[in-house]
Amino acid sequence: MLDKIEIVILSGFLGSGKTTLLQNLLAQEQQRNRKVAVLMNEIGQVSIDRNLLNDHTPLEEIINGCICCTSKTQLENALLTLYMQEKPDVIYIEGSGIAHPMEIYDACLSPVIAQNIIVKSIITVVDGNIWSGKHTLSLRIQKLLEEQIRYADQIVINKVDLLTSGQYNQIVEDTKQLNPHAMQHMTTFSRLNVVDIINRDQKSLLSHEKLHVTEHLHVSSLTYTFDKPINRDLFIKWLEQLPVSVYRIKGFLKFLDDVNSIALFQYAFGVPFFYREEVNLPLNLVIIGENLAKDLLKEQLNQLEQY
Ligand SMILES: Nc1nc2c(ncn2[C@@H]2O[C@H](COP(=O)(O)OP(=O)(O)OP(=O)(O)O)[C@@H](O)[C@H]2O)c(=O)[nH]1
């Protein structure tokens with residue numbers, strides 16, 4: 001089994017400074033001698049940003065589609081390709097400016113590779129200038145900007161050079177209110193030493209800081225592997241009692257009433273879907289949510305295997 005590959009998700013609205021940040025990060029990774037791969041998602045028909053990266057960095061691109069719709073499977077496949085072919089230490093995923101960070105997070109956790117990766121950080125770059133004038137944007141875009149901030153564990157407030165001190169203070173306050181857990185960085189041209197922040201050794205931090213760090217990424221995931229078929233009704237009963245903080249589950253199941261096939265299972269915000277598949281895949285179930293009670297969930301899933 002290969003070592004776990006780190007994933008860092010770069011989120012942020014169009015033009016906020018994600019590619020600029022990525023270039024900075026890649027330079028820092030190079031100094032640390034780590035093997036890096038990049039996955040980019042752009043909405044346009046052609047890739048613009050690839051020219052901004054050096055030729056040695058393995059790159060997969062998903063062009064002309066946003067991860068939140070059909071391109072999600074493409075992202076899963078691209079990630080799998082990078083994982084199998086390049087075996088990097090870390091994969092940076094730059095989402096399109098209109099992608100929701102949770103959609104990217106979700107797409108990373110394909111049941112096929114969820115056990116082999118670890119999402120280290122969700123970094124959202126906020127365009128200070130756009131944020132200050134956000135009332136001129138549609139409500140949908142305003143909501144997206146807020147969501148991109150809400151789900152980050154590192155917030156890079158960029159383009160500080162274009163802000164008045166009043167605007168600067170307002171952004172700091174707004175982002176703190178939307179996401180009190182995240183670390184804030186105020187930057188110009190996305191200049192910050194974030195690699196160290198992502199990789200800092202938690203043991204070396206002061207104890208109060210340690211607690212803070214472990215709480216940063218408040219969205220988490222759990223992968224459970226079933227060894228045998230389970231009872232369908234009991235599984236559905238289990239789903240019905242889940243707290244709303246579990247908002248996504250996906251994976252492969254085998255039910256006692258149909259042991260010759262596999263059920264591809266999808267669950268989003270309380271709504272389950274089962275698709276019958278005639279393939280043989282490991283029975284991995286990935287659960288995504290906020291403040292997951294992992295031990296309890298494992299125990300409950302283990303119980304399902306006892307019937
Ligand atoms: N004035 C100013 N310009 C910046 C800053 N950071 C980035 N830019 C410029 O903003 C533009 C967009 O930056 P990118 O890094 O390409 O932004 P992006 O988020 O990758 O953009 P998309 O790929 O369209 O989503 C570029 O022209 C950058 O040079 C900053 O701090 N201040």
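This is a predicted model: local features need pLDDT of at least 70, side-chain atom pairs count only at pLDDT 80 or more; totals for chains, interfaces and linings use all residues.

Analyst: Let's start with strand β9 (residues 246-253), which pairs with strand β12 (residues 284-290) in the antiparallel sense over 5 bridges. Two strands count as paired if DSSP finds at least two bridges between them. The strands themselves are DSSP runs (E, at least two residues), helices are runs of H or I with at least four residues, and both are numbered from the N terminus. Residue numbers start from 1 along each chain as its sequence is written.

Back to the strands. Across from Ile288 in β12 you'll find Arg248. β9 is also joined to strand β10 (residues 262-268), by 6 bridges, and these two run antiparallel. There, Phe252 has Leu264 of β10 as its bridge partner.

Now pick out Asn284, which sits in strand β12. Is Asn284 buried or exposed? Asn284 counts as buried, because it has 20 C-beta neighbours inside 10 Å. The rule is that a residue is buried if 20 or more other C-beta atoms lie within 10 Å of its own, exposed if 12 or fewer, and partly exposed in between, with C-beta atoms placed from the backbone. Leaving aside neighbours within four places in sequence, Asn284 is in contact with Pro111, Ala114, Gln115, Thr223, Thr225, Gly251 and Phe252. Here, contact means that the C-beta atoms of two residues, placed from the backbone, lie within 7 Å. The C-alpha atoms of Asn284 and Asp106 are separated by 15 Å, though these residues are 178 apart along the chain.

The domain assignment gives domain 1 (5-216) and domain 2 (220-304), with bounds that come from an automatic or database domain assignment. Between them, 5 residues of domain 1 are in contact with 10 residues of domain 2.

Next, the inside. The largest nonpolar core has 61 residues, and Ile9, Leu10, Leu39, Ile91, Tyr92, Tyr105 and Ile123 have the most contacts inside it. This core lies between domain 1 (5-216) and domain 2 (220-304), because both give residues to it. A nonpolar core is a set of buried Ala, Val, Leu, Ile, Met, Phe, Trp, Tyr and Cys residues joined through C-beta atoms within 7 Å. Take Ile9: beyond four places in sequence, its contacts are Ile93, Gly95, Pro101, Ile104, Tyr105, Val119, Ile122 and Ile123.

Asn33 is in the loop between α1 and β2 (36-42), and its phi is near 60 degrees, a positive value in a residue other than glycine. Asn33 is exposed, since 7 other C-beta atoms lie within 10 Å. Lys159 is in the loop between β6 (154-158) and α6, with a positive phi near 65 degrees. Lys159 counts as buried, because it has 22 C-beta neighbours inside 10 Å.
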